Each structure stands twice: as structure tokens, then as C-alpha cells.
Amino acid sequence: MLKCRSAWKKLAPLARASSTVCRQNVRRAGFNNGRIPACVPAAHMSTGPAGGGRENQLYALLVGAACVGGGLYAYRTVKGDQRRYMQRIGEIEARQQKSSDEEAAAPIESEPPAVEAAETEAVTEPEPEAAPSPEPEAAPSPEEPSPPAPEAEVVASTETTEPTKAEPSSPSEPSPAELTEPPPAPVVESEPPAAAESPTAEPTEPQPEVVAQSADEPVVEAPPEEAAEPPAAPVVEEAEPSPPSEPSPAELTEPPPAPVVESEPPAAAESPAAEPTEPQPEVVAQSGDSAPVAPKIPSHAPYVLIGGGTASFAAARSIRARDPGARVLIVTDEPDPPYMRPPLSKELWFSDDPSVTETLRFKQWNGKERSIYFQPPSFYINAEELDSAENGGVAVLSGKKVVHMDVRGNKIKLDDDTEISYDKCLIATGGVPRNLQVIERAGEEVMNRTTLFRKIEDFRSLDKVSRNIKSITIIGGGFLGSELACALGRRSADGGLEVIQMFPEKGNMGKVLPEYLSNWTTEKVKKEGVKIVSEALVKSVVYKDDKLEIQLKDGRLVKTDHIVAAVGLEPNVDLAKSAGLEVDSDFGGFRVNAELQARSNIWVAGDAACFYDIRLGRRRVEHHDHAVVSGRLAGENMTGASKPYWHQSMFWSDLGPDVGYEAIGIVDSSLPTVGVFAKATAKDTPKAATEQSGTGIRSESETEDTATSPVASSTPAPAVVEHKDEYGKGVIFYLRDKVVVGIILWNVFNRMPIARKIIKDGEEHADLNEVAKLFNIHDD
């Protein structure tokens with residue numbers, strides 16, 4: 001056709017010139033004929049003016065020659081194409097005949113022409129070479145690109161293993177071809193029945209043949225990969241133990257190695273010869289080197305929750321409540337499923353069970369036993385079954401860290417370069433414990449003898465260390481430091497452990513409690529067997545003579561065996577840069593709107609969320625109750641609820657089973673406070689409170705309650721107490737511009753809805769004694 005077009009381009013100018021000359025001659029002939037007398041004989045018209053008739057004849061001759069030439073060229077081109085097409089058909093028929101002859105020798109059923117064409121091209125090449133796979137792709141690609149690849153691979157692997165058993169190089173060669181072709185995935189799923197059906201001495205030969213028949217149907221249709229997943233699960237489980245290092249990466253991406261490993265145990269059991277199975281691990285080893293993606297990780301999850309803490313679990317439970325068929329994937333860098341953190345510094349230390357570090361079960365103050373985990377492992381489904389789960393479920397991907405977020409592409413990348421796409425994503429990464437710079441600069445010996453308390457492993461490590469040393473120092477006077485000091489102080493009486501707590505404030509929890517109450521708390525901690533070093537600013541830490549020497553800025557020196565740094569939490573915002581999310585410069589954490597949304601399809605909850613409080617302004621809270629409520633709200637909004645965050649979260653702390661408090665709002669000792677106290681009774685303890693509520697995590701029982709028309713006590717209230725030796729129970733109000741912005745209930749429990757309503761109302765109160773009556777602290 002290209003030659004015909006070029007010829008026409010050459011002839012077209014001649015045809016146009018001839019046409020122009022003809023039209024000019026016609027006009028000239030008409031004018032002349034008009035001037036010629038009518039008596040001119042008609043016979044002489046053909047011999048009119050010179051050149052008129054000849055030019056017409058030349059024009060007709062040129063046009064006719066061009067048409068004839070073009071037609072002849074087109075005819076020859078069509079005939080040539082037809083001849084080459086027939087030659088091609090003949091070659092294909094010859095290959096089909098050849099493949100059918102080979103199928104008669106090896107019992108493989110006939111395939112569609114395109115598949116057989118690919119199959120024969122793979123067979124025509126020498127067995128040890130990996131060249132068979134490129135040829136079938138070049139030949140049948142115009143007709144049917146996907147089926148030939150798996151068929152060619154199956155035949156190649158069949159022929160390499162069939163003739164020779166003692167050559168490990170033959171079966172190892174096809175593996176690169178299999179690695180480059182994704183379609184053979186179904187081969188893995190159909191391998192187990194093949195292994196079961198082949199009782200002969202050569203199990204590797206019949207298996208690929210049967211697999212070729214069953215793999216044909218899933219290869220043509222993409223969806224059957226999911227349908228064939230259930231049989232694939234046992235394949236992975238059996239394949240992992242045999243070569244633990246290299247096959248596992250191969251199984252994560254490429255199914256073909258899986259049948260090889262799967263067929264290895266049957267071959268060992270059914271045939272006495274171990275030679276046929278030797279080449280197969282080599283194939284798996286080669287494929288494992290070039291396939292690093294994990295098989296147990298789904299490529300897509302509708303809901304992806306980053307972080308395995310309280311906020312993530314609350315969000316997952318909320319999502320499933322609103323969408324029962326939802327598929328939720330929790331990705332956490334910890335090896336454990338979601339668990340509650342408060343017992344790590346409270347009840348677990350008071351357990352009498354010597355195996356508590358393994359069981360992680362504890363008795364609450366009310367004597368009831370429970371586990372630290374929110375749900376047992378049976379509650380969750382395997383990650384690889386998430387896509388095929390009929391009713392959805394919650395899967396936990398443990399030991400994986402998210403290192404990158406593609407917000408536009410709705411994808412996350414794990415630390416092993418695996419990518420997971422999502423529809424909705426929650427960031428609940430929590431925080432990491434802070435450390436003192438003087439300790440970080442002190443060297444490896446000091447760091448090895450320092451614990452940053454946050455996770456289960458930290459609890460286990462500190463429990464083990466505290467049983468094998470003589471002295472331990474806790475740096476920090478906040479909630480965590482004071483709780484650990486009281487917990488370890490109880491142990492010091494039995495094991496002779498010296499427990500020291502140092503902090504820069506004048507008393508325990510000096511940043512939270514009023515000074516008089518902080519001093520009283522400090523005396524309470526001392527009675528638990530703890531040595532207090534107040535107003536202590538650490539200057540340096542050195543390791544000398546098997547001891548850690550802590551030098552304070554005022555010259556004091558403290559020697560100890562181990563340090564626990566409890567100096568606060570740093571929100572984990574590592575994903576902010578890759579995700580393009582805003583980090584609050586004042587409070588830290590991801591800035592979110594009232595619906596806890598950072599960007600489209602991305603929400604943040606828990607310690608990492610910096611949210612706007614409609615009453616108290618922008619805040620970031622690091623407490624269990626906030627993680628529960630924010631996670632639950634984020635889960636609802638991920639399913640379309642569009643609810644704002646109005647909840648005032650609470651927190652609590654227990655200094656053993658006898659003293660505890662609950663707080664809400666902004667509790668800062670720098671604010672003016674008013675305390676109203678009363679004499680405590682036997683029921684005014686954390687132990688009695690848990691007996692009444694039935695749970696050791698008090699916020700879980702009260703977050704759903706609301707205060708409705710509280711009734712004040714009729715008992716006369718005493719005057720406001722500011723300095724008193726004993727503080728049995730009471731209420732401390734924190735004021736800002738004469739408005740209550742924070743409340744602490746000291747040994748007063750199950751009254752938090754009332755405190756929440758007072759802060760929500762945001763009203764000025766002339767007499768806080770009357771407000772204290774709402775909590776019934778004067779009733780016995």
C-alpha cells in the first residue's frame with residue numbers, strides 16, 4: 001500500500017495537468033466553433049483546431065494507464081499478503097501437529113490453538129535454556145497474550161524435570177522465566193491435588209501435567225485467583241518451614257515456587273528416591289532472590305489503620321459496628337495485637353502470678369481477672385484471608401512499619417517495600433517515649449542500662465531487671481513515673497530493692513496537682529518505700545565501677561544500677577513529610593479538623609492527633625480515654641458519619657489500690673485552683689470503684705454516660721479547704737478567667753459525666769462549694 005501511494009503521488013500531477021489542458025481546449029474549441037460557419041461539414045469536426053483531439057486522447061491514455069498500474073499493484077500486494085498469511089497458517093498447523101504428537105507421549109490434554117502454539121515454541125528450544133519463554137510471547141501475542149505464558153512455563157518445567165532426575169540445573173533454569181510471568185499464580189492453588197494424585201516414583205512429572213489442566217481456567221479469568229486462595233493457604237504454611245530463609249520471599253509474590261515446595265513432602269513420603277525433589281528447592285531459592293514481596297499481605301484493604309494501639313482498635317470496632325461487612329487491616333510495628341497500656345504501669349505490677357510477664361493477665365482492684373489484650377487472637381482473621389472473607393473482618397499485620405504514604409494514590413509502603421492501597425486510612429501511630437539528652441550522650445553503657453517505658457517488651461524487661469539488681473532510679477514525677485515508683489516500691493519491701501524517684505518539681509505530679517496536694521502525694525509515695533529526690537535537674541550520667549552515677553546540677557550525686565526515664569511522650573509524626581500533612585508547632589501531632597480529618601480519606605486519632613476543642617481551644621491529649629473516644633469517632637466518620645469531636649476526654653491515675661483520682665479538661669498547677677474536700681470512707685478507693693463498675697479501665701464504663709440533671713447533696717458543705725493534713729476525697733476546680741476549665745475528682749469515682757457537663761457549659765460560678773455538692777462528696 002505504501003508503494004501504491006507513492007506511485008499515485010507521482011502520477012497525480014500529470015493527471016491534474018492533463019485535466020487542465022483538456023478544459024482549456026474545450027473552451028477554445030467552443031469559441032472557434034461559434035465563429036465557424038454552419039456550413040462546415042460535420043465530418044471535419046474531428047480535424048478542428050490543431051492539438052484539441054490529440055490532447056484529449058493523451059489525457060485519457062494517461063488516466064487509464066494510472067488506473068491499470070494502480071490496480072495491478074494493489075492486486076499483487078493483496079496476493080502477496082494472502083500468500084504470506086497462508087504460509088503462517090501452515091506453520092501454526094505444523095506446530096499444532098508437533099505439539100499433539102508430544103502430548104500423546106506426555107498425557108497433557110489439548111489446549112486452545114494459541115496456548116498450543118506457545119507450548120510448542122517452548123518445547124522446540126533446548127531444555128536447559130530459558131529462551132523458550134520469549135518466543136511464545138512473540139508469536140501468539142497478537143491473538144491471546146495471557147494464556148501462552150503459563151502454558152509455556154508448565155511445559156518447560158515438565159520437560160526439564162521429566163528426562164533427567166540427576167540434573168539439578170535443568171529444573172532451576174525455568175525459574176527465571178516463571179519469575180517474570182505473573183499469570184502462573186493459579187498453578188500454586190491447584191498444586192496440592194496434583195501432589196495427592198501422583199503416587200508414582202516420579203511425582204514431579206505428573207504434577208505439572210495435571211496442574212496445566214486445572215490452571216487453564218483460572219489463567220483465562222482474573223477473578224479466580226481469589227476463589228482459589230483457600231487451597232493456597234496450606235501451601236504457604238508447608239512451604240515456609242522447609243527453606244525458611246529464601247523460599248518465603250518467593251512465596252510472597254510468585255506462586256510457581258510454592259507447588260515445587262509443596263510437592264517436596266509428598267515426593268519424600270511416596271517415593272523412596274530423594275533425587276526428584278532435590279532440584280525443586282533450587283528453583284525456589286532462585287525465585288526467592290528476585291521476588292521480595294510478601295504473600296501474606298493483601299494488596300488492597302478498604303480500611304487501613306496505621307498503629308496497633310487503643311485508638312486503632314476502637315476505630316476498627318466502630319467501623320465494623322456501622323459496616324458489618326467491612327474489611328479492616330491494622331498495620332502495627334509491634335508483634336502483639338492491640339492491647340491496653342494502663343495496666344503496664346498499674347495492676348500488672350501487683351499481680352502474685354510469677355508468670356504474669358508471659359500470660360499478661362492480672363487481677364483488677366475488684367479481684368476480677370482479665371487479659372491485657374482487647375480481644376483474643378481468634379477475634380482476628382489472617383491478613384491473607386481478608387480479601388476472601390465473606391463477612392469481612394479485622395486483620396492485624398504485626399511487625400510491619402509504614403514508612404511512606406502516597407496520599408494522591410491512596411497507598412502506603414511498608415518497611416519491606418510492600419505497597420497496600422486503601423479507600424480510607426486512619427493514622428493512630430501514638431508516640432515514642434522521650435529521653436534526656438544527657439543520657440543519650442552518655443554512651444552505650446548508660447543507654448543499655450536505661451529503660452524507656454511504653455510497650456509490653458518494656459514491662460517484661462523492667463520486671464526482669466528489677467528482680468536482678470539492687471537499686472533502680474526513676475526520673476520523672478508525672479503520672480507514669482509516680483505509678484512505677486509506687487509499683488516498684490511495693491516490691492522493694494520483699495526483695496530489698498532500692499527505689500529512687502527524682503524530678504525537677506517540688507513534689508509528685510507537681511505540674512498537675514496544687515502544691516499542697518502534691519506534697520501530700522509525695523508523702524504517700526514515700527510510705528510505699530520510695531526515696532524521693534525533689535527539685536533535681538540532671539547534669540550528667542556516667543557508668544563507673546558497675547554503677548550509674550547521676551550528677552545533679554546542685555552538686556548531689558545519686559548512684560544506681562538502672563534508670564527508668566519517664567519524662568513524657570513525643571508524638572510519632574514520621575509520616576507527615578511523605579503524606580504532606582501539617583504538624584502543629586505548639587503541641588505537636590497532626591493537625592486535624594473537628595471531624596479528626598487531616599486530608600481527604602485520612603483521619604488521625606489518639607496521641608498523635610492535635611484537635612480543636614470548641615471549649616478549650618486546640619489541644620493534644622495523651623490518655624487512654626481520649627484514644628478510645630477519638631478512635632471511635634474517627635471510625636464512625638470513616639464510614640460517613642461526619643460527626644464533630646466535642647467529647648471532653650478524662651484520665652485517671654492510681655497510686656496503688658487505696659489512692660486514685662480522675663481528671664478532665666485542663667489540669668495545670670499554674671492555674672488558680674479551688675479544692676473542696678471531705679472525709680473518705682472505705683468505699684472511696686480505686687478498689688471499691690472497680691468493684692462497683694466491674695472494670696479496671698474506668699473510662700470504658702463511663703464514656704457513654706451523660707449527666708442529666710444532677711441532684712446536689714443536702715448535707716451542708718464545709719468551707720473551701722486549701723491546707724489540710726488529710727485529703728480523703730474531694731473535688732479540685734481549675735479556673736481560667738473565672739470559668740472552670742479542669743476538674744480533678746480525688747478518690748471520687750463514677751462522677752465524670754457531671755464534671756464533663758460543667759466544663760461543657762462554660763459558665764462562671766460564684767460559689768464552687770455549691771458546685772461541689774453536685775458530686776455528693778459529703779454523703780457517707
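Q: How many residues has the largest nonpolar core, and which residues have the most contacts inside it?

A: The model is a predicted one, in which local features need pLDDT of at least 70 and side-chain atom pairs count only at pLDDT 80 or more, while totals for chains, interfaces and linings use all residues. Residues are numbered from 1 along each chain as its sequence is written, and side-chain values use heavy atoms, with hydrogens and water left out.

The largest nonpolar core has 127 residues, and those with the most contacts inside it are Met405, Ile412, Phe733, Ile743, Trp746 and Phe775. Strand E28 (residues 739–746) supplies the largest share of this core, six residues. A second, separate core has 15 residues, among them Ile500, Val533, Val538 and Ile563. A nonpolar core is here a set of buried Ala, Val, Leu, Ile, Met, Phe, Trp, Tyr and Cys residues joined through side-chain atoms within 4.5 Å. Buried means under 20% relative accessible area, exposed over 50%, and partly exposed in between (1.4 Å probe, protein chains only). Helices (H or I, at least four residues) and strands (E, at least two) are DSSP runs, numbered from the N terminus.

Burial also marks helix H27 (residues 752–761): seven of its 10 residues are buried, so the helix is largely enclosed by the rest of the structure. The buried residues are Met752, Pro753, Ile754, Ala755, Arg756, Ile758 and Ile759. Just after H27, glycine 762 takes a positive phi of about 60°.

Aspartate 546 has a positive phi of about 60° and is placed in the loop between strand E14 (538–544) and strand E15 (547–552). At 60% relative accessibility, aspartate 546 counts as exposed. Most residues other than glycine have a negative phi.

A polar side chain is buried as well. Asparagine 637, in helix H24 (residues 624–638), counts as buried at 6% relative accessibility. A polar atom of the asparagine 637 side chain lies 3.0 Å from the backbone nitrogen of serine 642.

Cysteines complete the account. Cysteine 425 is buried at 0% relative accessibility, whereas cysteine 67 is exposed at 55%. A search of the whole structure finds zero disulfides (pairs of cysteine sulfur atoms within 2.5 Å).

Terms used:
A polar contact is a pair of N or O atoms within 3.5 Å; within protein, one must be able to donate a hydrogen and the other to accept it, and residues adjacent in sequence count only if both atoms are side-chain atoms.
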